[in-house]
Protein chains: 2
Amino acid sequence: MIERLTVIGVGLIGGSLARALRAAGLVGEVVGCGRSAANLQRAVELGVIDRYSHNPGEAAEGADLVFLAVPLGAMREGFAALRGHLRPDAVITDGGSVKGSVVADARAVFGEVPARLVPGHPIAGTEHSGVEASFAGLYRGRRVILTPLPETDLDAVDRVTRMWQVCGAEVTTMDVAHHDEVLAATSHLPHMLAFGLVDALARLRENDEIFRYAAGGFRDFTRIASSSPVMWRDICIANREALGAALERFSAEMADLAETIRRGDGDHLLEIFARAKAARDRYVDGLAAGGPADLG
Amino acid sequence: MIERLTVIGVGLIGGSLARALRAAGLVGEVVGCGRSAANLQRAVELGVIDRYSHNPGEAAEGADLVFLAVPLGAMREGFAALRGHLRPDAVITDGGSVKGSVVADARAVFGEVPARLVPGHPIAGTEHSGVEASFAGLYRGRRVILTPLPETDLDAVDRVTRMWQVCGAEVTTMDVAHHDEVLAATSHLPHMLAFGLVDALARLRENDEIFRYAAGGFRDFTRIASSSPVMWRDICIANREALGAALERFSAEMADLAETIRRGDGDHLLEIFARAKAARDRYVDGLAAGGPADLG
């Protein structure tokens with residue numbers, strides 16, 4: 001199905017896509033690209049890629065599918081390096097957690113969003129990174145959201161959809177802005193709360209003692225605060241509008257909740273907690289079990 | 001060591017104490033007290049208690065140690081029912097997650113805080129409840145905080161300390177107000193954020209879709225929002241001062257973070273996230289592994 005796949009950024013996300021397509025026998029050659037020669041050499045040894053180049057344009061020459069799995073902050077530079085090196089029929093897609101910024105980066109580089117660029121977001125990950133952490137089953141049963149624009153080539157969308165389906169993922173399409181709002185609520189906002197809480201406690205003078213009394217529930221709650229600070233800085237900047245708004249709204253709601261607590265309004269508290277418990281028991285426990293820490 | 005232990009509230013917390021002391025061979029008779037005859041009957045069948053009464057005063061007659069493991073909202077009523085039924089040398093302790101309210105309840109009922117009342121808080125729990133969920137190892141390796149007052153009998157503190165040590169717990173003492181502040185930060189505040197987030201998403205119109213895209217990290221983050229709404233209403237009301245203040249502070253910090261994100265101040269974001277990650281990796285992953293959901 002794919003003659004030559006170029007993966008820009010051969011880490012957990014990019015490496016796992018290559019492995020899954022190889023496992024399905026649906027890719028000819030895989031060309032890797034990245035900065036670390038050691039990581040790329042390891043990727044060759046592991047059979048994840050066949051060869052590599054440190055230059056994205058060179059790596060993408062002759063490829064019919066190019067997957068950008070670089071941090072959001074490196075996306076624009078990645079597009080720029082590809083310009084003039086792509087086959088006319090090459091399909092480009094990416095794995096960025098924010099789609100508005102990727103579309104803006106593409107527009108800035110190419111003057112318009114290329115018709116054969118299909119912005120995408122595989123909602124999958126683990127707390128590990130690098131090609132060593134990649135595995136063929138990462139996307140099995142997970143969701144991939146594609147956010148094509150009105151001008152996106154339908155055939156390109158179809159190719160990317162089938163590529164992810166082959167990896168075992170469930171593919172849905174969504175409007176760019178809606179994607180960024182949904183992810184702000186379900187992923188970016190929780191990460192801000194976990195980072196913010198741990199940071200607030202760490203800044204207290206007696207923080208040694210504070211953390212000593214934090215037990216099991218705290219560990220689960222703050223697990224996502226062990227995620228990559230650089231990746232999350234990039235996500236915040238890339239999704240600043242939707243995330244800023246979601247965080248402001250939540251901050252106001254927590255101020256209201258503080259007031260409800262101070263007032264001792266038990267009925268209102270019970271209503272909030274019962275509604276939350278019901279929603280979590282219904283929706284979250286109903287989801288297919290995911291990895292230990294989905295960083296999507 | 002304990003001739004007759006009376007457990008008011010034979011659920012996960014009370015039942016596990018009885019089981020642990022029995023397993024250590026350090027308790028003579030165990031008398032249970034509660035509302036549900038079925039639960040108490042089951043406790044007898046399981047060998048957790050020897051006999052029971054629905055009346056706390058009757059259950060506590062002749063006991064040398066009385067453990068109140070009732071919800072915070074039932075603590076005052078529990079003390080009132082004990083009045084006039086206690087042996088003069090009986091030691092009373094409790095398992096409430098907030099200590100200021102327990103001390104206030106005792107003062108309201110007895111006129112002063114009895115010298116042989118040792119307020120306590122075993123930081124342990126699972127997401128299950130009832131005597132069926134109790135087990136002798138619940139407190140092994142967990143912390144128990146005692147908050148004696150200046151007027152508390154030292155011998156009583158010593159007895160309660162040894163009782164918990166026999167169960168495998170690490171016992172520390174702390175000032176009442178300090179306990180309530182530490183727990184507000186490490187337990188009550190995270191629960192408010194998890195309940196608040198799930199409730200905020202549940203109130204969105206397209207909540208079905210929202211939850212569909214919430215993956216692994218969200219599941220961990222919101223696990224504590226499946227806790228008992230009634231228990232948490234009681235905790236909020238009992239710790240309203242410290243928790244209200246902590247939640248207000250956090251709300252203001254999240255408003256600041258929203259502003260930092262909107263400004264696109266990547267350096268500041270990186271500083272916050274890196275400090276949080278370092279603190280979590282250092283303190284939380286360094287803690288002994290706890291149960292699946294410590295509801296302390």
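## Exercises on a predicted two-chain model

Cys167(A) is buried, its relative accessible area being 4%, where buried means under 20% relative accessible area, exposed over 50% and partly exposed in between (1.4 Å probe, protein chains only). This is a predicted model, in which local features need pLDDT of at least 70 and side-chain atom pairs count only at pLDDT 80 or more, while totals for chains, interfaces and linings use all residues. Residues are numbered from 1 along each chain as its sequence is written, chains are lettered from A and ligands numbered from 1 in the order in which they are written, and side-chain values use heavy atoms, with hydrogens and water left out.

### Exercise 1. Cysteines

Task: state how many disulfides a search of the whole structure finds, and whether Cys167(B) is buried or exposed.

Solution. Begin with the general point that a disulfide is a covalent bond between the sulfur atoms of two cysteines. With the criterion of a pair of cysteine sulfur atoms within 2.5 Å, the search over all chains finds zero disulfides. Then turn to Cys167(B), which is buried with a relative accessible area of 4%.

### Exercise 2. The two copies

### Exercise 3. Chain A as a whole

Task: describe the helices and strands of chain A, and its radius of gyration against the globule rule.

Solution. The C-alpha trace of chain A spans about 65 × 40 × 35 Å along its principal axes, and 58% of its 296 residues count as buried.

### Exercise 4. A sheet and its helix

Task: give the strand order of the open sheet that holds β8 of chain A, and identify the strands at its edges.

Solution. Two strands pair if DSSP finds at least two bridges between them. By this criterion three strands of chain A form an open sheet in the order β7-β8-β9, with mixed pairing. At the edges stand β7 (120-123) and β9 (170-173) of chain A, each with a single partner strand, so one side of each is left without a neighbour in the sheet. The twist averages 20 degrees from one strand to the next, with axes fitted as lines to C-alpha atoms (for helices over the stretch in contact) and angles running from 0 to 180 degrees between N-to-C directions.

Now follow the pairings. Four bridges join β7(A) to β8 (residues 143-146) of chain A, and these two run antiparallel; Ile123(A) has Arg143(A) as its bridge partner, and His121(A) stands opposite Ile145(A). Four bridges also join β8(A) to β9(A), which run parallel, and Val144(A) has Val171(A) as its bridge partner there. From β8(A), Arg143(A) and Ile145(A) point one way and Val144(A) and Leu146(A) the other way, all of them buried.

### Exercise 5. Contacts across the chains

Task: locate Tyr213(A), and list which residues it touches.

Solution. Tyr213(A) lies in the loop between α8 (207-212) and α9 (216-222) of chain A, and counts as buried at 5% relative accessibility. Leaving out residues up to four places away in sequence, Tyr213(A) touches Ile123(B), Arg143(B), Ile145(B), Thr172(B), Met174(B), Val182(B) and Thr186(B), where contact means heavy atoms within 4.5 Å.

Compare helix α10 (residues 229-238) of chain A, whose buried residues are Pro229(A), Trp232(A), Asp234(A), Ile235(A) and Cys236(A). Their cover includes α7 (176-203) and α11 (240-263) of chain A, together with α11 (240-263) and α12 (266-284) of chain B.

Technical notes:
The radius of gyration is taken over C-alpha atoms; the globule rule is 2.2 Å times the number of residues to the power 0.38.
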